[in-house]
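Me: I would like to learn how to read side-chain contacts in a protein model. Please show me the model first.

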Amino acid sequence: MDSTLYISLSHRMALRRRMDVASHNVANMSTTAFKKERVAFSQYLMDAPGAEAATRGKIAYVLDHGVIRNLEIGRMVPTENPLDIYIDGKAYFSVRAQNGDTLYTRNGRMMIDADGELALTSGEKLLDDGGATIEMPDGYTSVAIAADGSVSTNIGPIAKLQIAAFTDEQALQRRGSSLYETNAQPMPVDQMPRITLIPKAVEESNVNPIESMMEVMEVLHAYQKSAKFEKDYQDMRKDALDRLARVQ
């Protein structure tokens, strides 16, 4: 395979990667607190082989640098559920996954699960400021969450939500649609930005539906164009080889 086909393959692989990410954004347009992502590419220069080196010197390939997350906070959407909580500020709820891992999320859709504990509707359990799950007392009839994260029932206060903030949010690795994991330690409480919790509201995905659909169409068109170029180039080479064989 010559350099032209290698470059074309590199381009199509980059487009496929971009399509995967763009499609994932579209699929999560309505996912609570989902953050739009994009792929970061750069140019990779490589010495051209043989005779091509004398005329071109370098060949440029596409290098995938990974995914960058749009950290813009999504729009606040009011609800009627007192356990729906919106985080006003750059921070995350701390939750415990089913395997015991501590994860972080801005998804504030909460409920009281079958174990009588405060949990996300997806099943992860909310953690208090001591790292424990939050269990409802016997005989409670209502639950309220204050702006500072204090959790109380009609019987009285029971816990305070553990809110985490990070110096580098891009370092958090996505695990699921709006859950994140990291080995980094959260910021000390006295260094955290000002955070307010707003009940009866959740954070909307920050994906722009029209923009994301247009990106999918743009990538699809570019992929089809690249595939056609490669086919035309291969047809041209085959025709040239056939002509050469007839001459000989």
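Me: How many aromatic pairs does the count come to?

Reply: A pair of aromatic rings is described by the distance of the centres and the angle of the planes. Rings of Phe, Tyr and Trp (its six-membered ring) pair if their centres lie within 6.5 Å; planes under 30 degrees apart are stacked, over 60 edge-to-face, and the rest tilted. By this rule there are three aromatic pairs. One of them joins tyrosine 92 and phenylalanine 166, edge-to-face, at 6.1 Å centre to centre and 65° between the planes. Before going on, note that this is a predicted model, where local features need pLDDT of at least 70 and side-chain atom pairs count only at pLDDT 80 or more, while totals for chains, interfaces and linings use all residues. Residues are numbered from 1 along each chain as its sequence is written, and side-chain values use heavy atoms, with hydrogens and water left out.

Me: Where do tyrosine 92 and phenylalanine 166 lie?

Reply: Helices (H or I, at least four residues) and strands (E, at least two) are DSSP runs, numbered from the N terminus. Tyrosine 92 is in strand E5 (residues 92-96), and phenylalanine 166 is in the loop between strand E13 (163-164) and strand E14 (173-174), so their pair ties together parts 74 residues apart in sequence.

Me: Is phenylalanine 166 buried or exposed?

Reply: Buried means under 20% relative accessible area, exposed over 50%, and partly exposed in between (1.4 Å probe, protein chains only). Phenylalanine 166 has 7% relative accessibility, so it counts as buried. Tyrosine 92, at 4%, is buried as well.

Me: Which residues form one aromatic cluster?

Reply: The cluster consists of Tyr92, Tyr104, Phe166 and Tyr180.

Me: How many salt bridges does the count come to?

Reply: Side chains of opposite charge can pair when their charged atoms come close. A salt bridge is a side-chain nitrogen of Lys or Arg within 4 Å of a carboxyl oxygen of Asp or Glu. That rule gives 14 salt bridges. One of them is between glutamate 215 and arginine 18, at 3.3 Å from N to O. Glutamate 215 belongs to helix H3 (residues 209-247) and arginine 18 to helix H1 (residues 3-27), so this pair ties together parts 197 residues apart in sequence. Glutamate 215 is buried at 17%, whereas arginine 18 is partly exposed at 26%.

Me: What does glutamate 211 form with lysine 36?

Reply: They form a salt bridge, with the closest N and O atoms 2.5 Å apart. Glutamate 211 is partly exposed, at 43%; lysine 36 is buried, at 13%.
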